[in-house]
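User: I'd like to learn how to read a few features off a protein model. Could you walk me through one?

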Amino acid sequence: VSMEKIPSSNLYHQLTVGNNTMHHPVIAPSHAYPPQSVAVGDALRHAISGIDTHFLVESRDEFGNGVVGNLLLHGGTRVEVGGFHYQDEGNLQTTILDNNNGTYTVTFNPGSAGIYFLSVLIDGSDINESPFLLRVEPGETDPSNSILLGEETIEGVTGREIQLDLQAIDANRNKRHKGGDGILAAMVALSGEGLEEILNCKPEYATEGLYSVSCPAASHAGSYLLHVDIVTSSGRNPIKSSPFQVTIYPGHATPENTDITSGGSISGNTVKFTSKAGLYESFLVSTKDLFGNALNIGGNHFVARVRGDTNIESS
């Protein structure tokens, strides 16, 4: 058999297609697939009333590894978010921003505190792990909404402390769940009363945003103003309806401070009476409490005895 040379053109060789242009194929994700799309961010689980909160929705296809698909490279997916309060205290109002890269920024500002069921939908179907359980905490204490409980009128008696309850409330009228507020309270005697008494009250945290406020015992009867302020990040401000009118009444009558003020002649600590036989004589007794405040009500019981050669009954 004669040997024949094979031309090189008949052998395998590389050909360049398209004038030396290199082609790079791109494999794009498919359409959004809700079961393998996800939402990320702390705001899915926790938020604070009155504060703008954000989380991110990632639209993904069904061909990724595990339960998470490939992130889409474009926007235009129909994303919906709904938040429903479990006690029907209102729904979340959300805004959704298409970032045109397969992600969507969801923003909301919750009002009512409590538990919400947060649903994230793509094309009408829940994404992975939706619905989420969202807890909204009350915001910072708002002095203008915080109140003294059940105290339309505040009255007290000399020698006794006044106990009051203060409920801390945020800007959206949610009761606070925690303490730590800077509460300043003081009772100041009105200038027209001729008093200079200032009584600093002591707040003590109880529970669920409730404080017990103890005001020291006043020694002067009369009218006072109770100033109650709360210190927050915006400064010191009065609570709702502050200052409050306070009326302090005299305490019980005490014998050592009770005097005969008319009906006889007073000489030092002695009162002398001069009377004629057969005539009734009277005198006036002024009752005062332990601190020397004159009582303005009756009801006290007195026993008067006259000692001498003849028995005389008093009335």
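Analyst: Let's go through strands, salt bridges, an aromatic pair and a surface patch in turn.
This is a predicted model, where local features need pLDDT of at least 70, side-chain atom pairs count only at pLDDT 80 or more, and totals for chains, interfaces and linings use all residues. Residues are numbered from 1 along each chain as its sequence is written, and side-chain values use heavy atoms, with hydrogens and water left out.

User: Okay, strands. How many bridges join strand 4 to strand 8?

Analyst: Strands are DSSP runs (E, at least two residues), numbered from the N terminus, and two strands pair if DSSP finds at least two bridges between them. Here 7 bridges join strand 4 to strand 8 (residues 114–122), and the two run antiparallel. V81 has V120 in strand 8 as its bridge partner.

User: And what does strand 4 form with strand 5?

Analyst: A hairpin, with 5 residues between the two strands. Strand 5 (residues 91–92) runs antiparallel to strand 4 and is joined to it by 2 bridges.

User: Is strand 4 mostly covered or mostly open?

Analyst: For residues, buried means under 20% relative accessible area, exposed over 50%, and partly exposed in between (1.4 Å probe, protein chains only). Strand 4 (residues 79–85) is mostly covered, with 5 of its 7 residues buried. As a general idea, side chains in a regular strand alternate between the two faces of the sheet.

User: Next up, salt bridges. How many does the structure hold?

Analyst: The criterion is a side-chain nitrogen of Lys or Arg within 4 Å of a carboxyl oxygen of Asp or Glu. The structure holds 4 of them. Among them is R45 with E129, at 3.4 Å from N to O. R45 sits in the loop between strand 1 (38–40) and strand 2 (46–48), and E129 in the loop between strand 9 (125–126) and strand 10, so this pair ties together parts that are 84 residues apart in sequence. R45 is partly exposed at 44% relative accessible area, while E129 counts as exposed at 53%.

User: Which residue forms a salt bridge with R236?

Analyst: That's D229, with the closest N and O atoms 2.8 Å apart. R236 counts as exposed because its relative accessibility is 53%, whereas D229 counts as buried at 13%. Another of the salt bridges joins the side chains of R78 and E80, at 3.0 Å from N to O. R78 is partly exposed at 44%, and E80 is partly exposed at 33%.

User: Why is the pair of Y205 and Y211 edge-to-face?

Analyst: In general, a pair of aromatic rings is described by the distance of the centres and the angle of the planes. Rings of Phe, Tyr and Trp (its six-membered ring) pair if their centres lie within 6.5 Å; planes under 30 degrees apart count as stacked, over 60 as edge-to-face and the rest as tilted. A search of the whole structure finds 2 such pairs. For Y205 and Y211 the centres are 5.1 Å apart and the planes are at 65°, so the pair is edge-to-face. Y205 is partly exposed at 33%, but Y211 is buried at 4%.

User: Last one: which residues make the nonpolar surface patch?

Analyst: Patches take residues with over 30% relative accessible area and no salt bridge, joining like charges within 9 Å and nonpolar side chains (Val, Leu, Ile, Met, Phe, Trp, Tyr) within 5 Å. Areas come from the Shrake-Rupley method with a 1.4 Å probe, and for residues only the protein chains shown count as cover. In this model F84, Y86, F117 and L133 make a nonpolar patch of about 420 Å². L133 lies in strand 10 (residues 132–137) and counts as partly exposed at 47% relative accessibility.

Technical notes. Helix = DSSP H or I, 4+ residues; strand = E, 2+ residues; numbered from the N terminus.
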